[in-house]
Amino acid sequence: MIENSQEKPRVILVSVDTGEFDAERSMEELCALCDTAGAEVVATVIQKRPSIEGATCVGSGRLAEIAEQCEALEVDQLIFDRELTATQIRNIEDATDTFTIDRTMLILDIFAQRATTREGKLQVELAQNKYRLTRLTGMGIKLSRLGGGIGTRGPGETKLETDRRHIRSRITQLEKDLKEVEQRRDITRKRRKKDGVLTAAIVGYTNAGKSTLLNALTDAGVLSEDKLFATLETTSRAILLPDGRSVTLIDTVGLISRLPHQLVEAFKSTLEEAASADLLIHLIDASSEYYEEEKHVTEELLHDLGCDGIPTLTVLNKCDLVPEITVQDNSIVCISAKNSTGLGSLLEGIAKSLPETARRMNILLPYTEVGLLAEIRKDGTVYSEEYTPEGIKADVLVDIKLCNMAENYRVDS
């Protein structure tokens, strides 16, 4: 175990390929997750098997080879690309004398590093405690070496030796605290709806460029890095659309294949920002070799969150990296958030995709209808007005409730 937090833990990644998912692709993603977590990958091991070995995940012969690699390469940790039971962790550590964690622990650790708000920290600690509750028995090296390393970060870590009653009590308190936060978030959502505020949630696979896009459109100043799960916190900013309407953009946490259900549950209130939005902006990394798979994963998770039926605008990002890309579908927008190209087309696409709540038009109102202009001003916007002999000529954004009346006085610009 590396005690010096300035040193990167040296890790070996292990996967068992049973054919249930693309092991090579998943291993690449695990390497990227390790980079985000601050670990140095010194070797990777993929074993093809018809099924998982119940006691040690990999076969005994391969485990012996891994143990030799751990010693030869001075490895600090083993990270398995699937969820392990407490018994499997104990058996692997006994055989290799190396601290062992699984994919879920790694992701939880990254979330523990990245969470900065009170809500984010509560969500991460809740997910960690729920995951570890069933894995407290006999975790050997895990519980005896809590000095540092990937998988040992997060609130409440030093209390893992305590009994299940304490862990359950902590979970209950965390759920209560999160419920209060969720209620406040729900009040904010309802206020937006009541005030007629349009919202568009930016959703997509982790590292698709959601934070970069939000920064490009709004100067939000959100952390943007070329790493998985660079940001976890929900950020919202209002922007003006070409049709004169305002929409609040909401950045959401990135999604990933086989996202631990503990995290989906803990971050449900954050992810529900997407389910309550008027529009989903599905951002896809067009340069990714696996963008079709990443698109599918996002769509599946959005379905699970109850987002079916919400208008969706598909946006291909990082198109500067794939200049040869061609899109036949006019409803798909190609952009480069990093280079701020294609953003005009994106804003037009957002305006067209949002439900019509207001309409911009030029009107010529007789002076006898001046009251209608006052009504328009109350729920819409008057950009300019000119008093002429025929009446008041105005450029207005008219609330949908008044559109039929205003259409009677519509004129060419």
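This is a predicted model: local features need pLDDT of at least 70, side-chain atom pairs count only at pLDDT 80 or more; totals for chains, interfaces and linings use all residues.
**Reading a sheet, its core and its rings**

User: How do I read strand pairing, and how many bridges join S1 to S3?

Analyst: Two strands pair if DSSP finds at least two bridges between them; strands (E, at least two residues) and helices (H or I, at least four) are DSSP runs numbered from the N terminus. Here, strand S1 (residues 10–17) and strand S3 (residues 77–80) run parallel and are joined by four bridges.

User: What is the strand order of the open sheet?

Analyst: The order is S2-S1-S3-S4, four strands with parallel pairing. Strand S2 (40–48) and strand S4 (99–102) are the edges, each pairing on one side only. From one strand to the next, the twist averages 20°.

User: Which strands does H4 touch?

Analyst: Contact means heavy atoms within 4.5 Å. H4 packs on the sheet and touches S3 and S4, its direction making about 85° with that of S4. Angles run from 0 to 180 degrees between N-to-C directions, with axes fitted as lines to C-alpha atoms, for helices over the stretch in contact.

User: And how should I read a nonpolar core?

Analyst: In soluble globular proteins, nonpolar side chains tend to be buried together. A core is a set of buried Ala, Val, Leu, Ile, Met, Phe, Trp, Tyr and Cys residues joined through side-chain atoms within 4.5 Å. Buried means under 20% relative accessible area, exposed over 50%, partly exposed in between (1.4 Å probe, protein chains only). The largest core here has 56 residues, and those with the most contacts inside it include Val14 and Phe80. Helix H4 (residues 103–114) gives the most to this core, seven residues.

User: What does valine 14 touch?

Analyst: Leaving out residues up to four places away in sequence, its contacts include Met27, Val45, Leu78 and Phe80.

User: How many aromatic pairs are there in the whole structure?

Analyst: Rings of Phe, Tyr and Trp (its six-membered ring) pair if their centres lie within 6.5 Å; planes under 30 degrees apart are stacked, over 60 edge-to-face, the rest tilted. A search of the whole structure finds one pair: tyrosine 367 and tyrosine 387, stacked at 6.3 Å centre to centre with 10° between the planes.

Technical notes. Residues are numbered from 1 along each chain as its sequence is written. Side-chain values use heavy atoms; hydrogens and water are left out.
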